[in-house]
Amino acid sequence: MDGYGGTAPREDGALLTIGAFARASRLSPKALRLYDELGLLPPAHVDPHSGYRHYAPAQLERARLVAWLRRLGMPLARIREVCELAPDAAAVAVAAYWAQVEADTAARRDLAAFLVDQLERKNTAMTTPLTPLTMRCAALTDQGLVRPLHQDAAHAGPRLLAVADGYGPDGGPAATAAIEALKGLEEQDLTSADLLGVLEEAARRAHRAAPAGDAATGSTTGSTLTALLRSGPQLALLHIGDSRAYVLRDSGLFQITHDHSLVQSLIDEGRLTPEEAASHPQRTQLLRSLDASTEFAPDLQLLEARPGERYLLCTDGLTGVVPAEAIQQALTTADGPDQAVRELVRLAREAGAPDNVGCAVGEVTGAQGGVGDRP
């Protein structure tokens, strides 16, 4: 018996137990069961009565390749593609993957620099007088070129940016109600308030008030919500769903939210590639949203803003069709928030706009007064 409860590999061509195959391939039985479920490494034979898996010695080469690719960190979905290729084509695919890894590593390095900067700002804010700031802002929504209904909503004010993407029969009203639940925060004195707590409670009220689905038809109704609430240099960020928030600063454009969607969870687990996610049949399925029938579980974080930064909140009608590079270019070159949101909507329509589009842009500036500016 081997360490997994199976027998040692046979040299006569007979099938190997899952334990023996695990030991020979350096893959655990748990991993082998997962790879079987994904169709990546199915056993040569499964006993119809006991369910025991058995593997052919000829499968060891593929299993070892899988193990090596997993050590590289390659997602399972991409490993499946590589394993189906001829050796020369597989080599090209591995090289392309590693080039992408290096590019992603550079992006993560930039994100780490962003996080370090945020932490240092929090420390500096404790000892440095607050810099008076204001925010120029603009919001725009568009029905797009395909959808029969407009279910996105957006708001831009000197203290509040928010976008919501409704779904279901009453998705439009749900998105509008979510934004309306937050608008009152514009008029509150937030100088000494718990920004995150204030924003979370307003969003919680929106969650409770979200319309219920139709039990008879099985349809659900709800909305995403991504919002930034400002007081001086502090920004409270609340996020639930698959709309997104970005910040543009000297070092680049950073996505500061994480999608609460089924396809994003599969990407995180390595079961799906970002390319596959774009056409996945369940790409619109959300794991979290403003829906009275589900738990209220938003992401919350507190940021420190600096003059010159531009913040973008947008629905997936923009990010689903416009690459991040084009979004960054539009935000960088626009004269101000109003031009930025118009250019972003134009880009979405140019790309076919299969979904509604909603976006809000805020530019942090020194408080020098001006129409609509508030500290």
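Residues are numbered from 1 along each chain as its sequence is written, and side-chain values rest on heavy atoms, with hydrogens and water left out. Because the model is predicted, local features require pLDDT of at least 70 and side-chain atom pairs count only at pLDDT 80 or more, whereas totals for chains, interfaces and linings use all residues.

The chain contains twelve helices and 14 strands, where helices (H or I, at least four residues) and strands (E, at least two) are DSSP runs numbered from the N terminus. Of its 375 residues, 45% count as buried, that is, under 20% relative accessible area, with exposed meaning over 50% and partly exposed the range in between (1.4 Å probe, protein chains only). Among the contacts in the chain with a separation of 6 or more, 65% are accounted for by residues 24 or more positions apart, contact being taken as heavy atoms within 4.5 Å.

Strand β10 (residues 244-249) is mostly covered, with six of its six residues buried. Arg244, Tyr246 and Leu248 point one way from the strand, while Ala245, Val247 and Arg249 point the other way. Strands are treated as paired if DSSP finds at least two bridges between them. On this basis β10 runs antiparallel to β13 (residues 310-314), to which five bridges join it, and antiparallel to β11 (residues 252-255), to which it is joined by four bridges. Tyr246 has a partner in both strands, namely Leu312 in β13 and Gln255 in β11.

An open sheet of three strands, paired in the antiparallel sense, has the order β1-β3-β2. Strands β1 (16-17) and β2 (45-46) stand at its edges with a single partner strand each, so one side of each has no neighbour in the sheet. The antiparallel pairing of β2 with β3 (residues 53-55) extends over two bridges, and Val46 stands opposite Arg53 of β3.

Two packed helices are described by the angle between their axes and the distance between the axes. Here, axes are lines fitted to C-alpha atoms, for helices over the stretch in contact, and angles run from 0 to 180 degrees between N-to-C directions. The axes of α1 (residues 18-25) and α2 (residues 29-37) come within 9 Å and cross at roughly 100°, and the two helices are therefore roughly perpendicular (65 to 115 degrees; under 35 counts as roughly parallel, over 145 as roughly antiparallel, and the rest as oblique). Ile18, Phe21 and Ala22 of α1 meet Pro29, Leu32 and Arg33 of α2 in this contact.

The axes of α11 (residues 324-333) and α12 (residues 337-350) also come within 9 Å, crossing at roughly 150°, which makes α11 roughly antiparallel to α12. The contact involves Ala326, Ile327, Ala330 and Leu331 of α11 together with Ala340, Glu343, Leu344 and Leu347 of α12.

Helix α4 (residues 76-83) is mostly covered, six of its eight residues being buried; these are Leu76, Ala77, Arg78, Ile79, Val82 and Cys83. Gln188, by contrast, counts as partly exposed at 35% relative accessibility, and lies in the loop between α6 (171-183) and α7 (195-209). Leaving aside neighbours within four places in sequence, Gln188 is in contact with Arg159 and Val198. Gln188 and Arg159 are 29 residues apart in sequence, and their C-alpha atoms are 9.8 Å apart in space.
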